[in-house]
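Q: I want to learn to read charged pairs and nonpolar cores in a model. Where do we start?

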Amino acid sequence: MNEVQTTAATLLSRLKGLWRDIAGSDGAGKVPALAPALPGSDLERLRAQMEACLSAKGGEVSARARAAALGRAYLSLSAEGRVRFLQLLATGFGPDRAKVDAAVAALASAEDDTARTRAEMELRVALEPPRLRLLTQFNALPEGVKFLVDLRAELMGLGREHPDLIPLEGDLRGLLASWFDVGFLVLERITWRSPAAVLEKIMEYEAVHAIQGWTDLKNRLDSDRRLYAFFHPRMPDEPLIFVEVALVRDMAGNVQDLLDPTAPLGDVDKADTAIFYSINNAQRGLAGISFGNFLIKRVVDDLSREFKQIKTFATLSPIPGFRRWLEGRLTKGEPGLLTAAEHKALTRVSGMAAKGSLKALLAEPDWTAEPLLAEALEGPLTRLAARYLTREKRADGVAALDPVAHFHLSNGARIERINWMADMSANGLNQSAGLMVNYLYDLGDIDANHEAYSASGKVAVSGRVKALAKG
């Protein structure tokens, strides 16, 4: 069992214990005896339990007890049983279609503004599914919000195979979006003195540059570093999103240098640049509920107050889609990708015309260890990365194809510099041939950059990157 599975199992065990006590606090909270796979014979008993949760009989204590019992029943099921549980919730507790049709008819026949307003209100009520009220009851349970966040993550993974669950996932997304409005979130600086439970979660959730144990974490929390996270009051030990910052002189261009635990401690009084080198969304169940832009702005404000001399705020970011895009183009053939001079240089260095192809050279596992070959690849790869970041779009023709580029550009950043041999880890080479990019947050241009990108997909680019993309 890996670390993530162990953490999940621990959470489930804790929830079962917490909710057992609540379910047992009232006679309404009796857990139905359900077989793990939830056979058909158990579905009606489960439906009755769900209906009891919606009945509102017995007051708040009974409602919490029934919700706890229902949650414990869900946690006791196998993967197959959970799907059947969710399908019952999705298909058996949706909007009353007869009431929806009646409300639509009333809206269509409304003869004046008063009648139309009344019909719109009735339609809104008719469209709200009972399952939404049932899910809301988990908000009152210990760790109930975390349970719902994880439940949505599970639903997101099931939607393709079980499309009947998509409306339920949509309901849960809307519910969580209202609960996780940025106004409810708390920004905290994480230090070595933060609770151990929080530090363990930071180590577990770091997905950009894996934390190699407690020594590595301590290095990332040293005096020349900052780590900030957003928390929700109902999930105080669970970071939602966090950012790691290095306080340095000049713009950093190599992540291994930033992560080196043996590097000397930086002098924060001489730092003029804040480098955001890792941003992690920690809760998969909150995907699509955006608060990353607020995190960056809040952190910039916090750092600006603490360090008056820091005027440059930039990232050192991965380019996660570059190799995938490039290999897709190479599969279709290389004409047009390389200039004549680039192709000639690669052919000369490789020693064989057949091996002069970019596709063949990148397939060599040790190309980075050959200085002449790496030097010959630098020009075409950095140029193609600039093209990928500045020109390649998603199907809507507006959003940048690269997800990290889209995140920072939509927040008002500028593509400032592309860095060669910036991430030589296995992941960095697989994702982007070792390339990384600096996105610059120029405080005077953020709003204008955001508006231009959001409206038409116009990408803010420095002169050097613009020239590189045209090369």
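A: With one pair in this predicted model. Lys146 and Glu238 form a salt bridge, their closest N and O atoms 3.8 Å apart. Lys146 sits in helix α8, and Glu238 in the loop between β2 and β3, so the pair ties together parts 92 residues apart in sequence.

Q: Are Lys146 and Glu238 buried or exposed?
A: Side chains of opposite charge can pair when their charged atoms come close. Here, Lys146 is buried, at 6% relative accessible area. Glu238 is buried too, at 9%.

Q: Which residues join Lys146 and Glu238 in one network?
A: Asp150 and Lys201, through salt bridges that share partners. The structure holds 19 salt bridges.

Q: How many residues does the largest nonpolar core have?
A: In soluble globular proteins, nonpolar side chains tend to be buried together. In this model, the largest such core has 113 residues. Helix α17 gives the largest share, 10 residues. Leu381 is among the residues with the most contacts inside the core. Beyond its sequence neighbours within four places, Leu381 contacts residues including Phe322, Leu358 and Trp420. Another core, of 14 residues, lies apart and includes Val198 and Phe242.

Q: Where does pLDDT stay under 50?
A: Over residues 1-9, for which the model has 5 contacts beyond four places in sequence. The protein averages a pLDDT of 90.

Key
Residues numbered from 1 in each chain as written. Predicted model: local features only at pLDDT ≥ 70, side-chain atom pairs only at ≥ 80, totals over all residues. Heavy atoms only, no water. pLDDT = per-residue confidence, 0-100. Contact = heavy atoms within 4.5 Å. Core = buried A, V, L, I, M, F, W, Y, C linked by side-chain atoms within 4.5 Å. Buried < 20%, exposed > 50% of the residue type's maximum accessible area, 1.4 Å probe, protein only. Helix = DSSP H or I, 4+ residues; strand = E, 2+ residues; numbered from the N terminus. Salt bridge = Lys/Arg side-chain N within 4 Å of Asp/Glu carboxyl O.
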